[in-house]
Structures are given as structure tokens and as C-alpha cells.
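Q: Please show me how a protein model may be read, one feature at a time. I should like to begin with the accessibility of residues.

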Amino acid sequence: MGVKFSDLKTLESTANAIATNMFEGFEPTTELIQLYVDWKIGLISESDFLTNLYTIYGK
């Protein structure tokens, strides 16, 4: 999907989080995966993560 991961641990944790939610019908986008990765590696705060998430999905 074009998202670069800094290390294998980040890739694995992201894949596990996304896969778990895909069982519920979630369809990930590149933008959402990048947002999640940025939050997991500390580039953005949790509140910024949630703000951006709400902006993307309008909720």
C-alpha cells in the first residue's frame, strides 16, 4: 500500500491491529495505515491521532 515501516516490530503490530479489525469488516486505506504508524512510533500524539481519525471518517 506504499506505507514504509521503520522496523519489523512496527510492521507486525500494525498488521495485527489491522487484521483483527478486518474480521469486523474494516477496510484499511493507505492514509489510515500511515496515520496509525505515525501514532505508534510517536510522530503524533494520541489526541492528534484521534483528531485526524475523526477528520478522515467524519465522526
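A: A residue is called buried under 20% relative accessible area, exposed over 50%, and partly exposed in between (1.4 Å probe, protein chains only). At 35% relative accessibility, Leu11 therefore counts as partly exposed. The model is predicted, so local features need pLDDT of at least 70 and side-chain atom pairs pLDDT 80 or more, while totals for chains, interfaces and linings use all residues. Residues are numbered from 1 along each chain as its sequence is written, and side-chain values use heavy atoms, with hydrogens and water left out.

Q: In which element does Leu11 lie?

A: Helices are DSSP runs of H or I with at least four residues, numbered from the N terminus. Leu11 belongs to helix H1.

Q: What span should helix H1 have?

A: The expected span is 1.5 Å times one less than the number of residues. Helix H1 comprises 15 residues (residues 8-22) and should therefore span 21 Å; the distance of 21 Å between its end C-alpha atoms agrees with this. Helix H3 may be read likewise: with 12 residues, H3 reaches 16 Å from its first C-alpha to its last, close to the 16 Å expected.

Q: Which residues of H1 are buried?

A: An α-helix has 3.6 residues a turn, so residues three or four places apart point the same way. In H1, the buried residues are Thr10, Thr14 and Ile18. They cover an arc of only 50 degrees (taken from the directions from the helix axis to the C-beta atoms), which puts them on the same side of H1. The face turned away from this buried side carries the exposed residues Leu8, Lys9, Asn16 and Thr20.

Q: Against what do the buried residues of H1 pack?

A: Contact means heavy atoms within 4.5 Å. The buried residues of H1 pack against helix H2 (30-40). Thr10, for instance, counts as buried because its relative accessibility is 9%. Leaving aside neighbours within four places in sequence, Thr10 is in contact with Phe5, Val37 and Ile41. Ile18 is likewise buried, with a relative accessible area of 15%. Residues up to four places away not being counted, Ile18 touches Phe26, Pro28 and Ile33. Ile18 and Leu50, by contrast, are 16 Å apart in space, C-alpha to C-alpha, and 32 residues apart in sequence.

Q: Which residues of H2 are buried?

A: In H2 these are Leu32, Ile33, Leu35, Tyr36, Val37 and Asp38. The buried residues of H2 pack against both H1 and H3. Just after H2 comes Gly42, with a positive phi of about 90 degrees.

Q: Which residues line the largest pocket?

A: On a 1 Å grid over the protein atoms alone, a pocket is an open set of points where a 1.4 Å probe fits, with protein on both sides within 12 Å along at least five of seven lines; lining residues have an atom within 4 Å of a point. The lining of the largest pocket consists of Ala17, Ile18, Asn21, Phe26, Leu32, Ile33, Tyr36, Phe49, Leu53 and Tyr57. H1, H2 and helix H3 (46-57) are the elements that give two or more residues to this lining.
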